[in-house]
Amino acid sequence: NDPLFIRPFSTRHQELKFHYCCHTAVDIIEERVSPGSKNLDLYLGLLYCIEDLAVYGFVTNTKIKFITIISMTDASIKDIEMKNLFRRLHSQYIALVNNPFYEVETAPKITSKKFQAAVDVMVLG
């Protein structure tokens with residue numbers, strides 16, 4: 001449950017706040033996907049709001065968790081847009097771990113320039 005990739009696009013919040021939000025979101029995700037829960041969808045939707053931030057979650061069938069934190073002052077986000085964002089992010093992650101030169105177990109953080117560029121394109125357009 002250690003963040004592999006944190007990429008802030010806003011300077012309004014300190015990076016420490018994003019770490020706090022991620023760890024809180026992981027607890028909520030664990031609760032929602034615990035054995036016995038009836039949630040079968042990978043997209044978990046809005047997990048919680050804190051101050052001016054909305055935290056969304058997605059979990060893969062291999063228990064990889066994706067968390068996106070959006071500033072609520074920027075614009076209203078539709079659920080379908082978030083689902084598409086998570087699906088594209090998941091596809092990029094799959095491409096990263098399928099790279100034979102990327103070692104998943106030994107890499108403490110995602111440092112791939114290609115992955116970072118793909119995330120930038122997804123968010124910034």
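Trainee: Which residues form one aromatic cluster here?

Mentor: This is a predicted model, and in it the cluster is made of Tyr 43, Phe 58, Phe 66, Phe 86 and Tyr 93.

Trainee: How many aromatic pairs turn up in the whole structure?

Mentor: A search finds five. Take Phe 58 and Phe 66: their ring centres are 6.0 Å apart and their planes meet at 55°, so this pair is tilted.

Trainee: Are those two buried or exposed?

Mentor: Phe 58 and Phe 66 are both buried. Phe 66 also pairs with Tyr 93, this time edge-to-face, with 5.8 Å between centres and 80° between planes.

Trainee: Where do Phe 66 and Tyr 93 sit in the chain?

Mentor: Phe 66 is in strand 3 and Tyr 93 is in helix 2, 27 residues apart, so the pair links distant parts of the chain.

Trainee: Which of its residues are buried?

Mentor: Met 82, Leu 85, Phe 86, Leu 89, His 90, Tyr 93 and Leu 96 are.

Trainee: Why would residues a few places apart point the same way?

Mentor: An α-helix has 3.6 residues a turn, so residues three or four places apart point the same way.

Trainee: And what do the buried residues of helix 2 pack against?

Mentor: They pack against strand 1, strand 2, strand 3 and helix 3.

Definitions and conventions. Residues are numbered from 1 along each chain as its sequence is written. This is a predicted model: local features need pLDDT of at least 70, side-chain atom pairs count only at pLDDT 80 or more; totals for chains, interfaces and linings use all residues. Side-chain values use heavy atoms; hydrogens and water are left out. Buried means under 20% relative accessible area, exposed over 50%, partly exposed in between (1.4 Å probe, protein chains only). Helices (H or I, at least four residues) and strands (E, at least two) are DSSP runs, numbered from the N terminus. Contact means heavy atoms within 4.5 Å. Rings of Phe, Tyr and Trp (its six-membered ring) pair if their centres lie within 6.5 Å; planes under 30 degrees apart count as stacked, over 60 as edge-to-face and the rest as tilted.
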